[in-house]
Amino acid sequence: QAQLVESGGGLVQAGGSLRLSCADSGGTFSRNTMGWFRQAPGKEREFVAAISWTGGSTYYADSVKGRFTISRDNAKHTVYLQMNSLKPEDTALYYCARDPVVYTSIAAAWGQGTQVTVSW
C-alpha cells in the first residue's frame with residue numbers, strides 16, 4: 001500500500017522557518033494533487049495548502065498565505081511545505097495528504113504527521 005511519510009518538523013522560535021517534506025511511495029504521485037493539513041491540540045484538522053499534479057496551481061488557507069509555500073518534485077515523489085515567519089499559533093501536527101479536497105478536511109490518504117512547535 002502506498003505510504004506518505006512526512007519529515008522536517010521540530011521546535012523553532014517565532015519568526016523562524018522550517019521546511020517539511022513528504023515522500024510518497026505510491027506509483028501515481030505525478031498525477032495526484034497533494035496537500036498539507038494540520039491539527040492543533042483540541043482543534044479539528046484544517047487545510048493548510050495544496051498543489052496540483054503539474055505544480056501549476058497552488059492553494060493556501062488565509063492563515064498561512066504569504067508565509068508558507070507548497071512545492072513538489074515529481075521525479076522524487078516528494079511534496080514540500082516551506083514555512084516562514086512562523087507564529088506560535090502554527091504549532092500543530094502537520095499531515096501530508098494525497099488528493100485533498102481543497103479548503104476542506106477531506107483527502108484520499110494521509111501520512112502519520114510531523115510535529116511543528118513554535119515557541120515565543
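Predicted model: local features only at pLDDT ≥ 70, side-chain atom pairs only at ≥ 80, totals over all residues.
Biologist: Let's start with the whole chain. What makes up its secondary structure?

Modeller: The protein chain has 0 helices and 11 strands. Read along the sequence, that gives the pattern β-β-β-β-β-β-β-β-β-β-β.

Biologist: How do you know that the radius of gyration agrees with a compact globule?

Modeller: We set the value against a rule. With 120 residues, a compact globule would have a radius of gyration near 14 Å, and the protein chain has 13 Å, so the two agree. The C-alpha trace spans about 40 × 25 × 25 Å along its principal axes.

Biologist: How much of the chain is buried?

Modeller: Buried residues make up 44% of the 120 residues. As for contacts with a separation of 6 or more, 56% of them come from residues 24 or more positions apart.

Biologist: Now a single residue. Why is Arg 38 called buried?

Modeller: Buried means under 20% relative accessible area. Arg 38 has 6% relative accessibility, so Arg 38 counts as buried. You will find Arg 38 in strand S4, which covers residues 34–39.

Biologist: What makes the link between Arg 38 and Asp 90 a polar contact?

Modeller: The cut-off for a pair of N or O atoms is 3.5 Å, and one atom must be able to donate a hydrogen while the other accepts it. The side chains of Arg 38 and Asp 90 are joined at 2.9 Å, so the distance is within the cut-off. The side chain of Arg 38 also makes a polar contact with the side chain of Tyr 94, at 2.9 Å.

Biologist: Which residues are in contact with Arg 38, leaving aside its neighbours within four places in sequence?

Modeller: Among them are Glu 44, Arg 45, Glu 46, Val 48, Phe 68, Glu 89, Asp 90 and Tyr 94.

Biologist: Let's turn to the aromatic rings. How many aromatic pairs does a search of the whole structure find?

Modeller: The search finds 5 aromatic pairs. One of them is formed by Phe 47 and Tyr 103, with 5.2 Å centre to centre and 70° between the planes.

Biologist: Why is the pair of Phe 47 and Tyr 103 called edge-to-face?

Modeller: Ring centres must lie within 6.5 Å to pair, and planes over 60 degrees apart count as edge-to-face. At 5.2 Å and 70°, Phe 47 and Tyr 103 form an edge-to-face pair. This pair links distant parts of the chain, 56 residues apart: Phe 47 is in strand S5, and Tyr 103 is in the loop between S9 and strand S10.

Biologist: Are these two residues buried or exposed?

Modeller: Phe 47 has 7% relative accessibility, so Phe 47 counts as buried. Tyr 103 has a relative accessible area of 53%, and exposed means over 50%, so Tyr 103 is exposed.

Biologist: What makes Tyr 95 and Trp 110 a pair?

Modeller: Their ring centres are 6.4 Å apart and their planes are at 85°, so this pair is edge-to-face. Tyr 95 lies in strand S9 and Trp 110 in strand S10, so the pair ties together parts that are 15 residues apart in sequence. Tyr 95 counts as buried at 10% relative accessibility, while Trp 110 is partly exposed at 28%.

Biologist: Which residues form the aromatic cluster?

Modeller: Phe 37, Phe 47, Tyr 59, Tyr 95, Tyr 103 and Trp 110 form one cluster.

Biologist: How do you know that Arg 45 lies over the face of Tyr 95?

Modeller: CZ of Arg must be within 6 Å of the ring centre and within 35 degrees of the ring normal. Arg 45 is 3.9 Å from the ring centre of Tyr 95 and lies over its face. Arg 45 also lies over the face of Trp 110, at 4.1 Å from the ring centre.

Biologist: One last residue. What is the phi of His 77?

Modeller: His 77 has a positive phi of about 55° although it is not a glycine. His 77 sits in the loop between S7 and S8.

Definitions and conventions:
Residues numbered from 1 in each chain as written. Heavy atoms only, no water. Helix = DSSP H or I, 4+ residues; strand = E, 2+ residues; numbered from the N terminus. Buried < 20%, exposed > 50% of the residue type's maximum accessible area, 1.4 Å probe, protein only. Contact = heavy atoms within 4.5 Å. Phe/Tyr/Trp six-rings, centres within 6.5 Å; stacked < 30°, edge-to-face > 60°. Rg over C-alpha atoms; globule rule 2.2 N^0.38 Å.
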